[in-house]
Amino acid sequence: MANTHGSLSINSENIFPIIKKWLYSDHDIFFRELISNGCDAITKLKKLSLIGEYTYPEGHKDSVRVVVNPEDKTLKFIDTGLGMTADEVEEYINQIAFSGAADFLEKYKDKANDDQIIGHFGLGFYSAFMVADEVHIDTLSYQEGAKPVHWECDGGTEYDMSEGTRTEIGTEITLFLNEDCLEFANEYRAREVISKYCSFMPVEIFLEKANAEQEYETIDESELRDDDVVVEHIHEDAKTEEIEKEDGTKETKEVSPARDRVKINKRPVSLSDIHPLWTKHPNECSDEEYKAFYRKVFQDYKEPLFWIHLNMDYPFNLKGILYFPKINTEYDSIEGTIKLYNNQVFIADNIKEVIPEFLMLLKGVIDCPDLPLNVSRSALQNDGFVKKISDYISKKVADKLTGMCKTDRETYEKYWDDISPFIKFGCLKDEKFCDKMSDYILFKDLDGKYQTLKDLVPEEEAADVDVVENPDDKQEDTEEKEPEKTTIFYVTDEVQQSQYINLFREEGKNAVILKHNIDAPFISHLEMKNDKIKFQRIDADLTEDFVEAADEAELKETTDSLTEIFRKALGNDKLDVKVEKMKNENISSMITLSEESRRMQDMMKMYSMNGMDLGMFGGGETLVLNANNKLVQYILDHKDGEHVNLFCEQLYDLAMISHQPLAPEKMTKFISRSNEIMMLLAK
Ligand SMILES: Nc1ncnc2c1ncn2[C@@H]1O[C@H](COP(=O)(O)OP(=O)(O)OP(=O)(O)O)[C@@H](O)[C@H]1O
C-alpha cells in the first residue's frame with residue numbers, strides 16, 4: 001500500500017482544542033469510547049464467524065487489553081475484533097468519524113454546559129484527542145489478503161497512513177498522552193476509570209502495565225487450564241505432626257496429604273463481568289446472587305429489602321434490577337442511584353429524563369439498548385419513547401408492590417415501614433403510580449395492625465357517614481352540599497401524644513401512626529384526591545366521645561371564671577380556654593390546635609429559613625380544662641389562693657408538653673417551677 005498523507009474533511013481549522021476544552025469535565029470518557037469500539041469490533045467478528053464468513057484461529061480468546069506505560073506516557077487499547085482495511089480506515093476514521101466529531105461540535109457548540117449531552121455518545125474514536133497529542137492506529141482486517149495499516153495523526157487536521165506491521169487480526173490504538181493527562185497512564189487511575197464505565201461490558205477487559213515484572217501464582221495441578229503458562233511443577237510432601245496420646249506415648253499424624261502443585265504465570269483477571277445479573281432470566285438468579293450483585297455494584301453492605309428484576313423485549317428492550325435499600329426514617333437522607341447502561345456500556349447515574357424521579361431513591365441498574373443517547377437531554381425530555389420507558393419502569397414497580405401486597409401480605413407489612421416513604425413520595429410525584437398504589441398503601445394503627453384506606457373507610461360508611469356523624473345537619477336538598485367526610489385520626493409522635501392516645505384507647509377508638517416527614521404532604525394529597533376522607537391529628541379537638549353532657553349555662557360560667565384566672569396567671573389576655581366535663585377525671589388540662597392551623601404552622605416551619613422568627617406562626621392553641629378534675633376545681637374555688645398562679649402555669653406547661661416540645665427557656669422555667677412545687681410539698 002502506498003503511503004498517504006491526507007487532510008481530514010472538516011471545516012474547522014483544528015477541532016481538537018475545542019474537543020479538549022469542551023469535554024473537559026469528564027474527559028476520562030475516552031476509555032469508554034475506545035473500549036466500546038473494541039467490544040463492537042469483537043461482536044462484529046463474532047457475527048461474521050456465526051454466518052461462516054470467518055473462522056477463528058485455534059485458541060482464540062476475545063479480549064480488550066488496556067496497556068498503561070507511564071515511562072513512555074502512552075496508553076494502548078488492543079482488541080481482537082475484526083480490524084480495518086486501509087479503505088475502511090479511510091472511510092470510518094478519516095471521513096465518518098471526523099464528520100461525526102464535526103457534526104457533534106456543530107450541534108452543541110451553542111449549548112452552555114456539557115451536562116446537556118448524555119455521555120457524549122457519537123464522539124467515539126476522536127475522544128482520544130481529549131487526552132492525547134498524538135494517536136496511532138495499527139490494525140489488521142479479518143478479510144483475506146488484507147494488509148496491516150498504520151495510521152497516525154498528531155491532533156491537527158492532517159493524518160498519515162502507511163502499511164503497518166501488525167500480524168494479528170484486530171486493532172491497537174496508541175495514545176501519546178499530553179502532559180496534563182499523564183494520570184491516565186497510572187495503573188490505579190486506569191483501573192478506576194475502567195471500573196466506572198466498563199464493569200459490565202460484554203467482552204473481557206484486561207489491564208496491564210507495560211514492562212511489569214511477571215507475577216506468579218501457585219495452584220493445585222487439578223485446577224490447571226489449557227491457557228495457563230506453567231513455570232514449575234512442585235511436589236509437596238505430606239505434612240505430619242507428633243502428638244502425645246493420653247497414656248503418654250507419642251503418635252505421628254498426617255495433617256495435610258502430599259499434593260502436586262504448579263506455579264503458573266498469574267492469570268489475568270477481567271475487569272468486566274460479561275454476563276451481569278440483569279442479563280439473566282429472573283428464574284435463573286438466586287437471592288444470594290442478587291445480594292452479591294447489589295454489594296458489588298453499590299458497595300452497600302446492608303442487605304437490600306427486596307428487588308425487582310425488569311426484563312422486557314417488546315415494545316422495547318429493557319432489562320434491569322431495582323433494589324429497595326434499607327433506609328432510615330428520614331427520607332431526606334435516602335440517597336439512591338440508578339445506573340443507566342446501553343448494551344452493558346455505562347452511560348451515567350440518575351438520568352432523570354429516563355428514570356422516574358421517585359425511583360432515584362432506589363438503587364439499581366437499567367440497561368436499555370434502544371435509548372437514543374446521542375441527543376441532548378432536553379431532546380430526551382420531549383421524546384415520547386423515553387417517556388414510555390419511564391412509565392413502564394414505574395408501572396413495573398407498582399405491579400411488583402401490589403402483587404406482593406396481594407399474595408404475600410405478611411412480607412409486605414414487614415417491609416412497609418421501610419418502603420412507605422418511597423411509595424408515598426412516588427404517589428406525590430406520579431399520578432398513575434398513585435392510582436395503582438392507592439389500595440395498597442398501609443396505615444399502621446395504635447395496635448400495630450396494618451390497614452388499607454379501604455379498611456379504614458369502608459365504602460358504605462363513607463357514603464352514609466352524614467347519618468352517623470351529623471344527624472342534625474339535614475340541610476335543604478337543593479343546596480349543593482360539601483360531601484360528608486370520614487375522619488381518620490392520626491398520631492405523629494406516640495410518646496408526646498400519649499395522653500391523647502390513652503384517651504382514645506379508653507373509648508375504644510383507634511388512630512393511625514403517621515410520623516414521617518413525607519406524611520404531611522402525603523395526607524394532604526390523599527384528601528385532595530378523595531373528598532370522602534379527612535385526616536385529623538389526635539390532639540386537634542376533643543371529640544364528643546370523651547366528654548359528658550353538661551349544663552351549658554353552668555359550663556359557660558365556669559369557662560369565664562377559669563379563663564380570667566388563667567389569663568391573669570399566665571399574663572396572656574388572648575389565651576383561649578375551653579372547659580369540658582371529661583369522662584376521665586384524672587386529666588386536668590390539654591391543648592388542642594385545629595388541624596388546619598397546625599398544618600399551616602408545620603408548613604411555615606418547613607419553608608422558613610434558618611433564623612427566621614417562628615413566633616409569628618405560633619398561636620391558635622386552645623387550653624382545654626377538665627371541670628371534673630380536682631385540681632381544676634380547686635383553682636376555680638380558690639382563685640385568690642397563694643399558689644394558684646403556680647398551678648395555672650404548671651397545668652398549662654403540662655398540657656403543652658403533650659402537644660409539642662417546649663422551647664428551651666420554657667423548659668427551664670418548667671423544671672425550676674417543678675422543683676419549687678416539690679419544695680412546697682416537702683415543707
Ligand atoms: N477498534 C476498532 N476496530 C474496528 N473498527 C473500529 C474500531 N474503532 C473504530 N472503528 C470504526 O470506526 C468507526 C467510527 O468510530 P467512532 O468511535 O468514531 O464512532 P462509532 O463507534 O461508529 O459510534 P460511537 O459514536 O457510538 O462511538 C466505527 O463505526 C468503526 O467502524
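Q: How are helices and strands assigned here?
A: They are DSSP runs, numbered from the N terminus: helices are H or I over at least four residues, strands are E over at least two. The chain has 18 helices and 26 strands. The model is predicted, so local features need pLDDT of at least 70, side-chain atom pairs count only at pLDDT 80 or more, and totals for chains, interfaces and linings use all residues. Residues are numbered from 1 along each chain as its sequence is written, and side-chain values use heavy atoms, with hydrogens and water left out.

Q: Where is Asn211 found, and what is its phi?
A: Asn211 sits in the loop between β8 (205–209) and β9 (216–220). Its phi is positive, about 60°, although Asn211 is not a glycine.

Q: Is Asn211 buried or exposed?
A: Buried means under 20% relative accessible area, exposed means over 50%, and partly exposed is in between (1.4 Å probe, protein chains only). Asn211 has 68% relative accessibility, so it counts as exposed.

Q: What is the phi of Gln299, and where does Gln299 lie?
A: Gln299 is a residue other than glycine with a positive phi, near 50°. The loop between α5 (287–298) and β14 (306–312) holds Gln299. Its relative accessible area is 55%, so Gln299 is exposed.

Q: How is the packing of two helices described?
A: Two numbers describe it: the angle between the axes and the distance between them. Axes are lines fitted to C-alpha atoms, for helices over the stretch in contact, and angles run from 0 to 180 degrees between N-to-C directions. Here, helix α14 (residues 552–570) and helix α16 (residues 630–637) have axes that come within 10 Å and cross at roughly 80°.

Q: Which residues of α14 and α16 meet?
A: Contact means heavy atoms within 4.5 Å. From α14 come Thr558, Ser561, Leu562, Ile565 and Phe566; from α16 come Val632, Ile635 and Leu636. By class, this contact has six nonpolar, two polar and no charged residues. Nonpolar covers Ala, Val, Leu, Ile, Met, Phe, Trp, Tyr, Cys and Pro; charged covers Asp, Glu, Lys and Arg; the others, Gly among them, are polar.

Q: What is a disulfide, and how many does the search find?
A: A disulfide is a covalent bond between the sulfur atoms of two cysteines. The test is a pair of cysteine sulfur atoms within 2.5 Å. A search of the whole structure finds zero. For Cys153, the nearest cysteine sulfur is that of Cys181, 16 Å away. Cys153 has 1% relative accessibility, so it counts as buried. For Cys285, the nearest is the sulfur of Cys368, 19 Å away. Cys285 is buried too, with a relative accessible area of 10%.

Q: How far apart are Val345 and Ser127?
A: They are 218 residues apart in sequence and 16 Å apart in space, C-alpha to C-alpha. Val345 belongs to strand β17 (residues 345–349). Its relative accessible area is 8%, so Val345 is buried.

Q: What share of the 683 residues counts as buried?
A: The share is 47%. Of the contacts with a separation of 6 or more, 72% join residues 24 or more positions apart.
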